[in-house]
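Please have the model up.

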Amino acid sequence: MDSKRPFEIAECQQAAKGLKSSWQDMAGSEALIRALVAERNGDTSLALFWTEVHRALCQETNAF
């Protein structure tokens with residue numbers, strides 16, 4: 001993900017799927033850790049991307 005351009009919702013959903021396949025039930029935690037690291041490194045756009053990935057994971061979990 002190039003943090004210098006706006007991200008697409010589809011990119012967030014794809015990243016969510018990737019985290020879910022790698023991290024299973026810890027995927028949400030991993031997304032938030034990545035958001036924290038990005039923010040600490042001064043990359044607010046990337047931090048927002050990872051929080052959107054977390055949101056996508058939450059919506060997937062709460063789907064009925």
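Of the 64 residues in this protein chain, 28% are buried, where buried means under 20% relative accessible area, exposed over 50%, and partly exposed in between, with a 1.4 Å probe and protein chains only. This is a predicted model, so local features need pLDDT of at least 70 and side-chain atom pairs pLDDT 80 or more, while totals for chains, interfaces and linings use all residues. Residues are numbered from 1 along each chain as its sequence is written, and side-chain values use heavy atoms, without hydrogens or water.

The chain has three helices and zero strands, taken as DSSP runs (H or I, at least four residues, for helices; E, at least two, for strands) and numbered from the N terminus.

What is the count of salt bridges? It comes to two, a salt bridge being a side-chain nitrogen of Lys or Arg within 4 Å of a carboxyl oxygen of Asp or Glu.

One is in helix H2, where Arg 34 and Glu 30 lie four residues apart, about one turn. Their closest N and O atoms are 2.7 Å apart. Glu 30 is buried at 14% relative accessible area; Arg 34 is partly exposed at 31%.

In helix H3, Glu 52 and Arg 55 are three residues apart, again about one turn. Their side chains form a salt bridge at 2.9 Å, N to O, and Arg 55 is partly exposed at 46%.

Last, the loop between helix H2 (27-40) and helix H3 (44-61) contains Asp 43. Asp 43 is buried at 19% relative accessible area, and its side chain reaches the backbone nitrogen of Leu 46 at 3.2 Å.

Key. A polar contact is a pair of N or O atoms within 3.5 Å; within protein, one must be able to donate a hydrogen and the other to accept it, and residues adjacent in sequence count only if both atoms are side-chain atoms.
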